[in-house]
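Trainee: I would like to go through the chain contacts and helix packing here. Can we take them one at a time?

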Amino acid sequence: MLRDAVLVAGKDLRLEVRTRVGLGQVLPFAVLVLVLFGFALDPDRGILDAATPGLFWVTVLFSAVLAVQRAFAVESAEGVRDALRLTSLAPGGVFLGKAAAIAVQLLVLEVALGVGVVVLYGADPAGWALLVGTAVPATAGIAAAGSLYGVLAVGLRVRETLVPLLLLPVLAPVLLASTRAFEAALDGSPADGWPWAGLLALFAVVYLGCGIGLYGTLLEES
Amino acid sequence: MSPWGYVVLGWAITLVVVVGYVVITMQRGRALSRQVPAEEQRWM
Amino acid sequence: MASVIHFRDVVAVLGGFPALAGVDLDVDAGELVALAGPNGAGKTTVLRVCAGLVPVVSGTAEVLGFNLTSQGRQVRSRVGLLGPSGGLYEDLTVADNLRFFGRASGVDDVDTTAAARRFGLTGRLSTTRVAQLSTGQRRRVALAALVARRAELWLLDEPHAGLDAAGRDLLDEVIVGACAAGATVVLASHELDRTEALRCRHVNLAGGTTGGATGPSQARDPDGERDPEGERGPESERGPDQERGPGVHGAA
Amino acid sequence: MLGVIVLAGTAVTLWLSFVATPADAVQGEAVRLLYVHVPSVTVAYVACGITFVASGMWLWKRTEWWDLVGSSAAEIASVFTAVTLLSGMVWGQATWGTAWEWDPRLTSTLFLFLLLVGYQALRAASPDRSSRARRSAVVGLLLVPNIVIVNRSVQWWRSLHQDATLFRTDLDFRIEGLMLFTWVFATAVGLVLLAWLLMHRFRIGWLANRVEERRLGDALTARRAEATS
């Protein structure tokens, strides 16, 4: 299963390297959202400071939806679905591979967005351990839930609109938890943040487990 | 609005929605059962 | 000889449309069978049902000893399907595609490379993205992936379409070689000169059924089910008038 | 039969909630709203539980029956969740003075509603019966874990944000005697209504599948005729 996961993740990342959709489109989109938030919440009024962690994670969430869409648009291409179903890849491996590729892309995006937040919003990064300890499980959870709900919509004509509707309510707790944890880190009170990071880890574990268990059913006939 | 007004409003909304759903459900059932011959309608 | 495909009155539905409305088909191991019939007759669907990609709604369908109704998944890794669109990642190079699909099907990289060389997919072509290839070139890539798979049952959908003369000859050579090596080949084709040259047994499809005018229910022939020689399936006995070139059936 | 019980039960509940029970010491008359609000959320949760169990059973048994039970319960759950939200907002307006309070219960109920909307959208978008059943069973099975996670995180979020300035009358009103009876009675009526609706909704799904099969039968005949022409 892990071998298959590495194979699928490697293929997805290679696709990204060749097409640069993530780097050339999703990342600029994310930066654009940050800028738009800056306009909407006037930086001089101090709202932006208070809202920075939330805006960061909302941006990550929207970008994640795009990344998930992209990851499964690739597999829904004419004939590719048939070819993929004829391979002997383990469903759990396909799930882990898709999730890993999405997670890697999101982590890169988060680093870039973090720089953007520091530069554009003047955030002062503090509490590194908690920031990393939040971002990693949050990303794992987003990627796991994303590749589970992303495959649900494969082959449907309304794929583009259905994925956000299914995915975003599910990811709401991730947004909540990671925002609170980041707030705690930036406030310099990391003790308040770690429970939220724990919740994120729990979410990631639940979704990784569900994905490994349920992917077979979804790939069987989709 | 008086407390009683809110109470009546809340109950009214609930009853209207639920009764509306019941009516729609029954109409859908009736429309469908017309399309299926009686001998195929048994489901229990 | 063992039966590789055994279909009785198979019905398959695609998005509410009965693509197959009762197909009877028997193919023995090592046979070379061509599905003929007009567009929309259900040829592609027969191939996809054989590959376990389209569920069987009713009827009996066994492929390579697996009952497709319950064990459709097990069949998938043992067949090779050449679809009309190739099934390749447009944005990956030829070599990347072959390596991925090869490894995903448990094929050794050496075999993949050998197959790629056989179809002339070396040098500059191997580092070209599939999106930049012509139809015929894509077909060569898909064929290389198929050959590397070493499937027990080959399902080819219009394999000759888009290929140049050299490619067609190479394809025929590959098909004959696969049969000689013990694989079974079923292909859907409009190019009867090619299939006749390959000495395929022809099965006619029309309106999602086999046997044409006779219809599936009357055509059921209890003796035809087990043909000891495997030379003539029940279809060829059933309606000689439906057949193209009555003299050309028989396995390679 | 069940329909008659529900009608009679609703009449009795109305009488109990409006006439027989006294006003609450803290909440005043607004407490009468809770006799419809709390049972409807109970019905919604029970229906979600049915969807969850039926989805799991479908994944195990793969029968039409479980698919229809799961989807019927999900549709009913979304109706009752909507009702809960609306009556909750009216109650909030009456008690807190604002229709929407970031109350954990209201917030997580809103998310439950959105999850259920997603379930229905997925079902509506799936073209054929087997993929519809497969996909909705997965979403149905994830429904309860999602509800639990959303619920816990929202509750935790509010408890960490102790805004002492906000006046808050909690839902946990003192409940005893006739008020308790009214609440239990209304819940029972709601559950009977759920059973009745479930039967009827199930029948609709079942009949719709039969209609689909008849259409397919006609299409098969037409397709076979195509071969002979």
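Trainee: How much area do chain A and chain D bury between them?

Mentor: Buried area is the accessible area (1.4 Å probe) that two parts lose on being put together, summed over both. For chain A and chain D, 76% of it lies on carbon and sulfur atoms. The total is about 2,600 Å².

Trainee: What should I know about the model first?

Mentor: This is a predicted model: local features need pLDDT of at least 70, side-chain atom pairs count only at pLDDT 80 or more, and totals for chains, interfaces and linings use all residues. Side-chain values use heavy atoms, without hydrogens and water, residues are numbered from 1 along each chain as its sequence is written, and chains are lettered from A and ligands numbered from 1 in the order written.

Trainee: Which chains have the most contacts among the 4 pairs that touch?

Mentor: Contact means heavy atoms within 4.5 Å. One pair joins 28 residues of chain B to 37 residues of chain D. The two bury about 3,200 Å², 79% of it on carbon and sulfur atoms. The pair with the most contacts is chains B and D.

Trainee: How many salt bridges does the rule find across the interface of chain B and chain D?

Mentor: A salt bridge is a side-chain nitrogen of Lys or Arg within 4 Å of a carboxyl oxygen of Asp or Glu. B:Arg28 and D:Glu75 qualify, their closest N and O atoms being 3.4 Å apart. Across chain A and chain D the rule finds 0. For chain B and chain D the count is 1.

Trainee: Are α1(B) and α2(D) roughly parallel or roughly antiparallel?

Mentor: Helices are DSSP runs (H or I, at least four residues), numbered from the N terminus. Axes are lines fitted to C-alpha atoms over the stretch in contact, and angles run from 0 to 180 degrees between N-to-C directions. Helix α1 (residues 3–35) of chain B and α2(D) cross at roughly 15 degrees, their axes coming within 8 Å. Angles under 35 degrees count as roughly parallel and over 145 as roughly antiparallel, so α1(B) and α2(D) are roughly parallel.

Trainee: Why do α2(D) and α6(D) count as oblique?

Mentor: Oblique is what remains once roughly perpendicular (65 to 115 degrees) and the two classes above are set aside. Helix α2 (residues 31–61) and helix α6 (residues 177–228) of chain D have axes 9 Å apart. They pack at about 40 degrees, and therefore α2(D) and α6(D) are oblique.

Definitions and conventions. Helices (H or I, at least four residues) and strands (E, at least two) are DSSP runs, numbered from the N terminus.
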